[in-house]
Amino acid sequence: MRPFDRHTGKAVAIDLANIDTDQIIPKQFLKRIERTGYGQFLFNDWRFNSDGSIQEDFPLNDPAYSEASILITGANFGCGSSREHAPWSILDHGFRAVIAPSFADIFHNNSLKNGLLPITLPDDVVDRLIDSSKQPGGLEISIDLEEQSVKGKDVDEKFEISAFAKFSLLNGLDDIGLTLQHEVDIERFERNSVSLYRFSTF
Amino acid sequence: MRTLYDKIWEAHLVRQKEGEPALLYIDLHLIHEVTSPQAFEGLRINSRKLRRPELTFATVDHAIPTIGRDLPFNDPIAWKQVETLRQNCRDFGVRLYDMDRKEQGIVHVFGPEQGLTQPGFTVVCGDSHTSTHGAFGALAFGIGTSEVEHVFATQTLPQTKAKNLLINVKGELPFGVTAKDLILAIINKIGTSGGTGYVIEYAGDAIKGLSMEGRMTVCNMTIEGGARAGLIAPDETTFTYLKGRKFAPEGDGWEKAVEYWRTLPTDKGAAFDRTVEIDASSLAPFVTWGTSPEMSAMITDRVPDAPPPGRDPHSFSKALEYMGLEPSQPIQQIAIDRAFIGSCTNSRIEDLREAASVAKGHKVAGSVSAMVVPGSMKIKEQAEAEGLAEIFTNAGFEWRDAGCSMCLAMNEDVLSEGERCASTSNRNFEGRQGRGGRTHLVSPSMAAAAAIAGHFVDVRNWEFRN
Ligand code: SF4
């Protein structure tokens, strides 16, 4: 996983609650068997009209935000299906972090496992960030994971993240490698505990 | 005093250390063609194997056609995905229930049907509707592809414990009001993020009164309320359903299993972090009018004229525009073009019986095209033996092979731009059933009735013909 320590970049806002993974990456792009190359399909049905032409008023199509690397959205971002293609496509498009008042659980997990930082901030702070991002010149944000801080014009906020997720992100650690260090525990569990609740073999 | 969730959690703790997520053992891992290829690839890159291939089961459902199965796929990319799964299952020693098998079906229909899902288990799958299996009192939740790889390699998952939410449904569901209406009502009440951070336990007389099929419908849509897992305490209904199924315990093992399963229900007096009460007897059939499962109304109601309190106003107006509906429009005046009866929410034998009882002796409206897609080939066979298939085809419904089909429209079963569909599936998101397609979530009987009437109708007043 790509480590995350600090990042400074332009922000772009999609000011809607409950943005689901079907919008983030529509299902017709889930048939690939790779992990990469999904950025071009991010928000496909909002970015492009059905004839393939560009939907001018969608924020990601606004040249002012073409360099944006931080996405700001409404609450419950990433609800819906468990497709990891959602964080893959957001990362592949060039984003490193998403800021929202709340995230759906599975999306939140999937993001952390891929080095995309989901940052939860209070509603009113997110509203302010969204407003600033729409001002001429836009909004530049600096994120420091070690400090757990988000800074920019008129903002200086701390965010919460579990110590474990933070450590893994900072070091770009692979969960599987970590778990395999505990193989003795897994073996012991299989030997002693499974038979207490399992009564048929498959 | 512990809840059902606490008990399963504790029984599966492989390791727990302060400041780290707990490591949970996984008893059953179901996989399908769409979210597994990258996980197998990850194993190959790191020269890892499956720790317990015998606890892993594969089927194909998401992208496969539900018609003309003996022909080559029209979609070469979907074909490649299926071929990749076949190769991966061969290489890593996983049992695959392929399209030529009579057990093939939607992953969440297949698992319970084969007796793989058992009370007290932990069940995962790279699909958010894994919550379905919670109907058996199993802790079941959807995972991403990285987690699929993690389970492949270690048969465990690092997890943080969620909070306990009790949804207590008292009273009895009135005639014509189904498990689907109940879960739509629950989501309407708590909102699509109301369950975020919780595991939900559904309890109360109305839940106890449900069949396993109904319980699966309720648990299935738990994720639409934001919770990753929903649970129902195992009881006689659960045991009767499981007994004799292919992978269920047998003989002495069965007796021991039942004895253990009886210890699982939440202890009297165990504390929940939050409780929600619902009165089943006050419910009517529900229809969603928007682009989120929380946007729903009773069949006798109207499309709202303002966003419900506490819900996002932008999303409200955007939803009405996308759905092509007017504020205050009566739900019963909404005309449909398509009807879809299927998906892991409502494609089991009981769902098909319910829809067939409405369809019997009627004809699908000339303006509507309707289809029924059974959840598994086994259900298809049973429905044919019971004469349900004939009722559907006589009424003008298409009768298909098992798969996800128009629930997510990855295959050729897709809505065209602007088409409006009465669907028994679980998500009415923009474009879910096809770009520009408009989805209204309903129960199987409501979908069948709408297909016949050409618009939504109150199935409680239906003229049943026998
Ligand atoms: S039927 Fe729909 S919701 Fe269920 S597994 Fe298939 S695509 Fe997912």
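Trainee: At what angle do helix α6 and helix α8 of chain B pack?

Mentor: This is a predicted model. Helix α6 of chain B covers residues 179–190 and helix α8 of chain B covers residues 212–220. Their axes lie 8 Å apart, and the packing angle is about 25°.

Trainee: Are α6(B) and α8(B) roughly parallel or roughly antiparallel to each other?

Mentor: The two helices pack at an angle of about 25°. Angles under 35 degrees count as roughly parallel. Therefore α6(B) and α8(B) are roughly parallel.

Trainee: Which residues of α8(B) meet α6(B)?

Mentor: On the side of α6(B), the residues in this contact are Ala179(B), Lys180(B), Leu182(B) and Ile183(B). The residues of the contact divide into 4 nonpolar, 2 polar and 1 charged. From α8(B), the partners are Gly214(B), Thr217(B) and Val218(B).

Trainee: What is the handedness of the crossing of α12(B) and α15(B)?

Mentor: Helix α12 (residues 349–359) and helix α15 (residues 444–453) of chain B have axes that come within 8 Å and cross at roughly 30°. The two are therefore roughly parallel to each other. Their crossing is right-handed.

Trainee: How many salt bridges are counted between chain A and chain B?

Mentor: In the contact between the chains, 57 residues of chain A meet 79 residues of chain B. The buried area is about 5600 Å², with 56% given by carbon and sulfur atoms. One of the salt bridges joins Glu190(A) to Arg51(B), with the closest N and O atoms 2.9 Å apart. The count between the two chains is 10 salt bridges.

Notes. Residues numbered from 1 in each chain as written. Chains lettered and ligands numbered in written order. Predicted model: local features only at pLDDT ≥ 70, side-chain atom pairs only at ≥ 80, totals over all residues. Heavy atoms only, no water. Axes fitted to C-alpha atoms, helices over the stretch in contact; angles between N-to-C directions. Helix = DSSP H or I, 4+ residues; strand = E, 2+ residues; numbered from the N terminus. Parallel < 35°, antiparallel > 145°, perpendicular 65-115°, else oblique. Left-handed = near helix turned anticlockwise from the far one by under 90°. Contact = heavy atoms within 4.5 Å. Buried area = accessible area lost by both parts, 1.4 Å probe. Salt bridge = Lys/Arg side-chain N within 4 Å of Asp/Glu carboxyl O. Nonpolar A, V, L, I, M, F, W, Y, C, P; charged D, E, K, R; others polar.
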